[in-house]
Every structure is written in C-alpha cells, then in structure tokens.
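I opened this notebook to record what I looked up about the disulfides. The entries follow in the order in which I made them.

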Amino acid sequence: MALIPVTLTTATAADAPVPASAAAPKVTSGVQNDDEQTVRDYWTPARIKSAVDNEAGDQAANAAAAKQAATKAATKQATAPGAGKQLGLTAQATRILPSAAGGNRSTAVAATDVPEMPHAEPVPFPQSWPAVVVGKILFVDHEGKNHGCSGASIAADGNNTVWTAGHCVHPGDGSGAAGFYDKVLFIPGYKRDLDNPADPTAYQAPWGEWVATSFVSPTAWTEDGDLFWGDMAAFTVKAPTGYTNLTDSVGALGYKFGSGPDWSDAIDSGFPADGYKRTDMDGYTQFYCTGHAEDATDLLPLDDRLLMRCDMGHGSSGGPMANTDGQIIGANSHGEDDGDGHPASDKLFSSAHQDNAVAVINKINELN
C-alpha cells in the first residue's frame with residue numbers, strides 16, 4: 001500500500017453517481033446488536049490474541065467450498081449463484097486524503113507501475129497514508145468464538161464506512177439480516193505494541209477503535225454463501241471520542257466496481273496470521289503484495305473472481321485489492337488450502353466486484 005501515489009484529488013462519493021436499476025442485485029442490511037461500550041469493553045488484548053490465534057482455521061472451509069464450486073463450474077455440472085446474470089453496472093469514486101488535522105500524510109514514492117511481488121513484505125510506513133486506511137476487523141461468531149479479518153476505509157457518504165469480505169461480518173448461511181456478527185470492531189493502523197515486546201497480547205490503536213453500527217452484504221452472500229460473486233460487505237462505524245469521522249482521520253480508498261477482473265498493476269494488503277511457506281506473519285503486522293490481478297478462470301464466465309499471486313494467508317481476508325489510483329477493485333476472500341488448515345499456494349482470490357459491489361455501495365450510501 002505504501003506504493004500508492006500521494007498526489008491525490010479529494011472527492012466525495014456524491015461526485016461519482018452510481019447507476020440505479022430496478023433489477024439490481026438484492027442486498028441484506030443489518031445492525032450491530034451490541035452497544036458501543038459493550039463492544040469496546042469486550043475486546044481486551046487477550047481476546048484479540050485469541051481472535052488472531054483462531055484465524056489460521058477460518059478460511060479452510062471457504063477454500064474447500066471455492067474449489068468445489070470451481071470444479072463444478074468448469075465441468076458445467078452446476079453454476080455459481082448469480083453467474084451469467086450481470087447487468088454491467090459500474091461505480092467509481094476517487095481516494096480521499098485524511099484531513100490536515102489527521103497529520104498522517106506520507107512521503108511514500110509514487111508509482112504507476114508496480115513490480116510482481118507475490119512474496120508479501122511488511123508495509124514500510126504503516127502509520128502513514130495510505131497504509132492507515134487498512135485495519136484489523138474483530139468479530140464474534142454465533143458460537144461465541146473470536147475471529148479476526150482485515151478491511152479498509154472506503155469513500156462513501158457519511159465518511160464512516162469500511163469495506164471487507166462478506167464472511168468477515170456474516171456466515172453466509174441464509175440467516176439474513178439477523179445473521180450479522182456481534183461485537184464487530186475496526187482498528188485502522190492496528191499494530192503490535194513494540195514498546196512492550198515481552199507481552200504477546202499487547203497492541204496499539206494509534207487511530208482509535210471504531211465500533212460497527214450497520215452492515216450491508218449481497219444477498220448472494222448472506223443467503224447463498226457465494227464465494228464467486230458475493231463475498232463482500234460494507235459497514236458503517238461510529239467515531240470514538242476525539243475523532244470526527246473515519247475519512248477525516250485516516251482517509252479512504254476509492255473504488256472502481258464493474259470493470260472486470262484483469263488489472264495490470266494492483267496492490268493487496270492485510271493482516272495475515274500465517275501464509276504460504278511463511279513463519280513470520282503474526283496477525284498484528286500489515287503486509288502487502290504487488291503485481292497483476294487476473295481472471296481466476298480465463299474464458300469461463302461462471303468464474304470472474306480476481307486472482308493475485310500473494311502468499312498472505314488467514315487473517316488477510318477482507319483486505320483490499322486496489323489499483324494504483326488507490327481504488328478498491330476486490331477484497332481478499334479465500335486462498336487454496338492443503339486440507340489441514342494451511343495455505344497450499346500463493347493464490348489469493350477475491351469475489352468478482354461487479355453488480356453486487358455496486359449494489360452494496362449504493363445501499364451503504366443510502367444508510368448514511
């Protein structure tokens with residue numbers, strides 16, 4: 001993420017009208033059930049550590065489901081839900097710098113071309129723009145188990161919105177609006193507390209802890225668990241004491257939805273707890289990859305997932321795939337699993353950010 005240029009044009013979501021259609025994909029909306037203080041009190045350092053520890057097994061089921069769906073689609077024994085029904089909707093917004101008061105602008109080198117770097121590296125300036133737009137997401141599933149994901153501040157009305165994977169806020173099991181997870185928290189610029197290295201649970205939240213308030217995810221995810229077309233979500237957050245809104249504080253990535261899966265230059269980032277043949281990822285450190293994003297299964301219209309070569313593993317789910325203009329084009333959804341809960345390759349997939357992504361950003365703007 002540090003490779004994204006810093007000569008940016010400020011914009012609002014209203015500057016980029018989103019097409020409306022009576023036939024647009026359905027979305028599911030819900031709200032956080034817990035009050036703000038309950039969420040803040042819940043996430044002690046020990047519980048955050050347990051969420052990080054649980055990340056290693058969280059994507060195994062998604063990886064297995066995606067492999068099965070890809071096999072069926074390739075042999076035309078079944079179709080991915082929503083496939084072949086795209087309306088060609090598009091939506092885009094430009095990235096937004098934090099306000100001058102935020103004080104976290106970076107002098108990172110601008111880049112219009114990025115190297116092919118599938119071996120993820122720690123973000124070199126994790127407390128500067130644009131790295132601070134990416135943060136840790138914490139949530140509790142319906143069995144009371146703690147989990148972690150990644151996400152990013154995104155340009156939207158209200159200036160308090162996070163973009164992530166659908167499975168980071170909802171199990172995708174048909175439970176509808178009531179199924180959104182509890183105690184969802186977003187920590188932009190999250191990092192391990194290096195001032196306290198002896199404590200493995202110590203962390204820092206230099207830009208505050210933001211409690212989720214409302215959620216939107218495609219019905220293709222909430223009802224069908226569709227990893228090809230639906231594993232994405234947006235949620236609004238409430239500013240903690242001392243902050244105005246998320247965008248003013250850390251800035252926001254823009255988005256470019258409906259432009260297909262092929263991008264010559266892309267940047268992927270997140271907070272992986274493990275990786276493919278990696279032992280240096282801890283769930284507290286932001287990593288990034290650069291390179292091409294491409295159609296996961298070329299010439300197969302049932303599968304327009306984005307594929308990047310990136311060895312980040314569990315915990316990077318929901319982290320943004322972005323172009324070099326600082327626009328989200330996808331969100332980490334799943335990788336390939338070895339059957340024992342470990343990454344089996346450096347392939348990292350995002351659901352196709354097409355009609356469903358447009359419908360989600362449309363709805364989240366309505367809620368704001």
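**Disulfide pairing**

I numbered the bonded cysteines of the protein in sequence order and read the pairing as 1-2, 3-4. I note that the model is a predicted one. I counted the links and recorded two disulfides in the structure.

**Entry on Cys149 and Cys168**

I looked up the link between Cys149 and Cys168 and found a disulfide with an S to S distance of 2.1 Å. Which parts of the chain does the pair link? I located Cys149 in strand β5, residues 146–153. Cys168 lies in the loop between β6 (161–164) and β7 (182–188). The two cysteines are 19 residues apart, and I recorded the pair as linking distant parts of the chain. I then read -80° about the S-S bond, for a left-handed link. Are these cysteines buried or exposed? I noted both Cys149 and Cys168 as buried.

**Entry on Cys289 and Cys310**

I turned to Cys289 and Cys310, which a disulfide joins at an S to S distance of 2.1 Å. This pair also links distant parts of the chain, 21 residues apart. I placed Cys289 in strand β14, residues 287–295, and Cys310 in the loop between β15 (306–309) and β16 (320–323). For Cys289 I read a relative accessible area of 0%, so I listed Cys289 as buried. Cys310 has 1% relative accessibility and therefore also counts as buried, the cut-off being under 20%.

Definitions and conventions
Residues numbered from 1 in each chain as written. Predicted model: local features only at pLDDT ≥ 70, side-chain atom pairs only at ≥ 80, totals over all residues. Heavy atoms only, no water. Disulfide = S-S within 2.5 Å. Helix = DSSP H or I, 4+ residues; strand = E, 2+ residues; numbered from the N terminus. Buried < 20%, exposed > 50% of the residue type's maximum accessible area, 1.4 Å probe, protein only.
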